[in-house]
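Here is a friendly walk through one protein chain, with its sequence and fold side by side. Please have a look at the display before reading on.

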Amino acid sequence: MTNQPHGGHDHGPGSSHRALVPPDGEEEWDEWYAADERIWSGRPNGALVAEVDGVRPGRMLDVGCGEGADAVWLASRGWQVTALDVSDVALDRARSAAADAGVDVTWLHAGLIEAPLDGDRFDLVSLQYPALRRTPEHDAERALLSAVAPGGTLLAVFHADVDVEWAEAHGLDPDDYVGHDHLAALLGEGWRVEKDERRPRNIEGGSGAHHMEDVVLKARRLPEP
């Protein structure tokens, strides 16, 4: 099974629950994206903008980049961006957005576990509304943490108050996916949690608009002694 590091962006067209029920596997993600001309709004995620705007650019990993709004926004501000997703349909749209904006991004067609990062570490690792499958060995969480360079930042944003009853009625157990608590539990020695909070979302309509609050987890990897 592909461990899809798929994240969403500020939501655009689509049904109100579309973002909650993730497909499973590359082909299903491609079909999910192909069902609409555009899924997301093309705007970068609000929590990302709030935390990164004005920060000195460095190397950045966008995990589950979708149609590329975050990656393009960061690249336009001088970041050296690597962005990955398992959906070729999403990546084609992301490449087009980058070309329109006149920015360079390294696009990887891969899941997080399979991504050819070759041990690279990044100044910023961003995970926005992920659909990362959990494993008993916490593979996805450990891959995320290991990708952050000493002194670098992990920024993970999740929907607050997911309707578990609704999800289970539609065949989805939210606990099968990496959530805030799973990731936060691994931030032990060597990490400083800078923000761990709920905050309101300002989404006017479209897919995911029923989510009114985010849970934002921001942690810095301490420099190695």
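Let us begin with a single contact in this predicted model: the charged end of Arg59 sits over the ring of Phe122, 4.6 Å from the ring centre. Pairs between aromatic rings, in contrast, number zero.

Arg59 belongs to strand 1, which spans residues 59–63, and Phe122 opens strand 4, which covers residues 122–128. These strands pair in the parallel sense over four bridges, with Leu61 standing opposite Val125 in strand 4. Strand 4 also pairs with strand 5 (residues 148–159), again in the parallel sense, here over six bridges. In that pairing, Leu124 stands opposite Thr153 in strand 5. The two pairings of strand 4 compare as follows.

| Pairing | Sense | Bridges | Facing residues |
|---|---|---|---|
| Strand 1 and strand 4 | parallel | four | Leu61 and Val125 |
| Strand 4 and strand 5 | parallel | six | Leu124 and Thr153 |

How does the chain get from strand 4 to strand 5? The path leads through helix 5 (residues 139–146), and this β-α-β crossover is right-handed.

Is strand 4 mostly covered or mostly open? Six of its seven residues are buried, so by the cut-off of under 20% relative accessible area the strand is mostly covered. Helix 5 has buried residues too: Ala140, Glu141, Ala143, Leu144 and Leu145. The cover over these residues includes strand 1, strand 4 and strand 5, as well as helix 7 (180–184), strand 6 (191–200) and strand 7 (213–221).

Now for the whole chain. The protein has seven helices and seven strands, and from the N terminus on they run α-α-β-α-β-α-β-β-α-β-α-α-β-β. Of its 225 residues, 52% are buried. Among contacts with a separation of 6 or more, 75% join residues 24 or more positions apart.

How far does the predictor trust its own model? The average pLDDT is 84, and 82% of the residues score at least 70. Where pLDDT is low, predicted coordinates should not be read in detail.

Terms used
Residues are numbered from 1 along each chain as its sequence is written. This is a predicted model: local features need pLDDT of at least 70, side-chain atom pairs count only at pLDDT 80 or more; totals for chains, interfaces and linings use all residues. Side-chain values use heavy atoms; hydrogens and water are left out. Rings of Phe, Tyr and Trp (its six-membered ring) pair if their centres lie within 6.5 Å; planes under 30 degrees apart count as stacked, over 60 as edge-to-face and the rest as tilted. A charge sits over a ring if NZ of Lys or CZ of Arg is within 6 Å of the ring centre and within 35 degrees of the ring normal. Buried means under 20% relative accessible area, exposed over 50%, partly exposed in between (1.4 Å probe, protein chains only). Two strands pair if DSSP finds at least two bridges between them. A crossover is right-handed if, with the strands pointing away from the viewer, the path from the first strand over the helix to the second runs clockwise. Contact means heavy atoms within 4.5 Å. pLDDT is the predictor's confidence in each residue, from 0 to 100.
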